[in-house]
Amino acid sequence: MEHVENNSEYKGLTVNKGITQPPTVNPYLVKRRKKQQYSVSEFVEGIEKGNVSILSQAVTMVESTNPDHYKIAQEIIEKCLPLAGHSIRIGITGVPGAGKSTFIEALGMQLVNQGKKLAVLAIDPSSGLSKGSILGDKTRMESLSVSQDAFIRPSPSAGSLGGVARKTRETIVLCEAAGYNNVFIETVGVGQSETAVHSMVDFFLLIQITGAGDELQGIKRGIMEMADAIIINKAEGNNLEKAKLSQAQYRNALHLFPAHESGWNPEVMLCSAFHNTGITEIWEMIDRYFNHTRGNGYFDIKRRRQTQYWMTETIDEALKNHFYRDPEIEVLLEEYRKKVINDEISSFVAANRLLDKYFNK
């Protein structure tokens, strides 16, 4: 637009035209692409080809609380089942600070260097207050997390052990279908998660440390009875002699427990995951276990039992979810909660009335 001041009537006065105004939106801004939505057959095809991106999205579907996502996830799992079941599943637990993540990285790197594929499913504890979860396992497994033959998936426990256990088991199926022939499941290390993980793995490994007080007092008998091997980590430097003493104590303690149905005698071994010592010997021991249990048929027996167990567990969880999502029950539940708090009715009577209402609908 020409300024009037530039007219010849005005002497000695000129107004420059200026510059073109820049656009209000950054021209270098790249529009974020919407994540592609795959069909069930595309998910299955991508998983079978080992596409990590598609596998990750499928696992997200499994973990989602959205009913539509859950339905899609079940269809994917059903189609992946014929491709699964060909891996060895190892559960790894231990007290916080025992060095589980460092141990998994050391053992995992040994496997991928041998040309094997590894999936690590790490159940991360969620806060009971904020419901938040750190999900920091990838940051603690720097070398393993960048390996093309490793898939690390931390999952928040979100306060629901049954739900996480089901989702973890379904994720195992997806990982096996994607060609991961070794699956590690790292547990929270506290509470009852060990029992759930024990029911979905072939080999259960307990990691301990020495020099932290009376080790045998700091561990539940149930976990020791479940363990197929006990590994004393951080057996290094000045701690080595203490680790050897702990090794002897654990060996004596294991003799007090009933013999394993598998016929396997649990071994107690030393290692230093940080210095990568004893790791090769541990994998050789695990290999001996699988040769032993496959030889006497226990491997297949245990897998069949686990399949039956998870059928009943899935029914239990489905019934529980259906109960709490019932619209009438939701309203009545709030009423009875108030009555229980005000001591107008006992918690047992309230529970029975709610169940009667639910089953008599």
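The lining of the largest cavity divides into 4 nonpolar, 3 polar and 2 charged residues. Here Ala, Val, Leu, Ile, Met, Phe, Trp, Tyr, Cys and Pro count as nonpolar, Asp, Glu, Lys and Arg as charged, and the others, Gly among them, as polar.

Some background. This is a predicted model, where local features need pLDDT of at least 70, side-chain atom pairs count only at pLDDT 80 or more, and totals for chains, interfaces and linings use all residues. Residues are numbered from 1 along each chain as its sequence is written, and side-chain values use heavy atoms, with hydrogens and water left out.

Back to the largest cavity. A cavity is a set of points, on a 1 Å grid over the protein atoms alone, where a 1.4 Å probe fits but cannot get out; lining residues have an atom within 4 Å of a point. Among those lining the largest one are Val-59, Glu-63, Arg-153 and Thr-171. Strand 2 gives the most, with 3 residues; strands (E, at least two residues) and helices (H or I, at least four) are DSSP runs, numbered from the N terminus.

Now the second largest cavity. Asp-202, Tyr-289, Thr-293, Tyr-298, Phe-299 and Lys-302 line it. Helix 12 supplies the largest share of that lining, 3 residues.

How do helix 11 and helix 12 pack? Their angle is about 85°, with the axes 5 Å apart. Axes are lines fitted to C-alpha atoms, for helices over the stretch in contact, and angles run from 0 to 180 degrees between N-to-C directions. The two helices are therefore roughly perpendicular, a term for 65 to 115 degrees.

Key
Parallel < 35°, antiparallel > 145°, perpendicular 65-115°, else oblique. 1 Å grid on protein atoms, 1.4 Å probe; cavity = no way out; pocket = protein on both sides within 12 Å on 5 of 7 lines; lining within 4 Å.
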